[in-house]
Amino acid sequence: MLLGTGYDLIVIQWPKWRRIEEITSSEEIAIEASEKQQLIENTKSRIKEYQPGIPGKLLLSFSMYTNGSKILDTKQGKGVITCINGIRFLSMTWVIIGHAFSAPNNIADNIAEFMPRMLKRWTFMAVCNAYVSVDSFFTLSGLLLTYLVMKELDKNKGRLKWFMFYFHRFWRLTPPYMLVIMVSVSLFHYTGTGPNWPTGGIDKGCEKGWWYNLLYINNFVEDNKKKCFGVAWYLANDMQFYILSPLILLPLYHFHLLGVGILMVFLVGTTITTGVISTHYDIPANNFDAGDATHWKKLYVKPYCRIGPYLVGMYAGYILYRTNCKVRINRYLNLAIWSAAIGTGMAIVYGLYDDINSETPLPTSVAAFYNAVHRTAWGLCISWVIFACATGNGGFINTILSWKAFIPLSRLTYMAYLVHMMILNHWKYSQTKTIHLSDSEYIYEIVGHIVLSFMAAFVTSLAFESPMLGLESVIFRRKQNKR
């Protein structure tokens, strides 16, 4: 990183800056301040930049200056659905809040009082039922995959470069993923001390089970001694969905009705499967199962129970592709659909209040119905928000979600997802005394977790993620898209 940055600044950037200064100083005569920036931009286009060879380009892949500029750049290419930036960032903060809720356990002196008291507040359901935030990412993943692949199929006359289709996904996710695991396993336990500090680190299962993560099958590991990097169950599911996606993408492109039929088979299959498993094991609708991990093992991490929102996102992406993001919707119909989407989302997040706080849980059949459909329904809600915003029917919601400040933050969500548990665990295990939990204490800690997670994400993106994308673009001569 130091070599790449030095090479970039000395060989690439410095001569360019000097040349800009020379030209603008000779031309900057009696111009208004507002015209100065335009002069500089025009000057840049006139300068013939030095073009490094392959070794130079490989070294530039590690430049903190160039990579940092790309991360912080608020410009995006044509055809980008801008509201996705806000949804991605807000969903990631929701994930962090949900994980922070489970962090205190053994270091809070009033945990037995605090949690039940918070659960009595219906507003707190947005925190304790933050699990659907993950389904937002599944929806986004399916939508973007379909939307971009359909455009790629148009360019290539219905054909895909299959090696690059799978390799790019593996290369995009795996090196940063494995490098973060390396840091977590080998270095984390040296970063702190205290009476609660875990001896030997927090990911002990990685010694025997790291290769399950490398192959993206770690969501099927039942042995606790082989479980590695717990939050990575999401990546396993997402990769498995991606591998299966051509079974829907190609029929959807070439034979629309056949593609819809296959998609519906998957959707009906996941709904029935989830309902049957939930009924068989009598799994409650909420995740507060008194320490029983059945909900987690049988439903939460299994792809055949989580693919619903991904499928919904895929078809939403197809509709956006077919309509070219240009759809006019009657004002009253638009308002009605928005009302239905908001009402459904509120019911999913807040509808379990009585079940969580009642001594009598929901009947098995009702719980099974909720488990079977609520994730897919959430995917429908998110898909509508994206569709409405992308087609000009989002109003002020699109304005908020498309705020330019979300662009750099959304680029950091993958690394924030990978590193945020290390931030939370470091805070949790480094405490040397008990904490008296209160509203202000909890809010203060959550804000700190979010800020530190994204700060760490920026550093690890410069170190682990951006260089790998740069190397791929050099080796395969791929043009990097502005994400």
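Predicted model: local features only at pLDDT ≥ 70, side-chain atom pairs only at ≥ 80, totals over all residues.
A residue counts as buried when its relative accessible area is under 20%. C381, at 9% relative accessibility, therefore falls in the buried class.

C389 takes part in no disulfide, and the nearest cysteine sulfur, belonging to C83, lies 4.4 Å away.

C206 sits in helix α10 (residues 206-214), while C228 belongs to the loop between α10 and α11 (233-244), so the pair ties together parts that are 22 residues apart in sequence. Both C206 and C228 are buried.

Now for the charged side chains, where the count comes to six salt bridges. One of them pairs D439 with R121, whose closest N and O atoms are 2.9 Å apart. D439 lies in helix α23 (residues 439-475) and R121 in the loop between α6 (111-119) and α7 (125-128), so this contact connects parts that are 318 residues apart in sequence. Are these two partners buried, partly exposed or exposed? D439 is partly exposed at a relative accessible area of 31%, and R121 is partly exposed as well, at 33%.

Helix α23 also supplies E465, which meets R172 in a salt bridge with an N to O distance of 2.6 Å. R172 is in helix α9 (residues 162-186), so the pair ties together parts that are 293 residues apart in sequence. Here the setting is buried for both residues: E465 has 1% relative accessibility, and R172 has a relative accessible area of 17%.

A further salt bridge brings together D135 and R306, at 3.1 Å from N to O. This one links distant parts of the chain, with D135 in helix α8 (residues 132-155) and R306 in helix α15 (residues 303-306), 171 residues apart. D135 is buried at 0% relative accessibility, and R306 is likewise buried at 0%.

Terms used:
Residues numbered from 1 in each chain as written. Heavy atoms only, no water. Salt bridge = Lys/Arg side-chain N within 4 Å of Asp/Glu carboxyl O. Helix = DSSP H or I, 4+ residues; strand = E, 2+ residues; numbered from the N terminus. Buried < 20%, exposed > 50% of the residue type's maximum accessible area, 1.4 Å probe, protein only. Disulfide = S-S within 2.5 Å.
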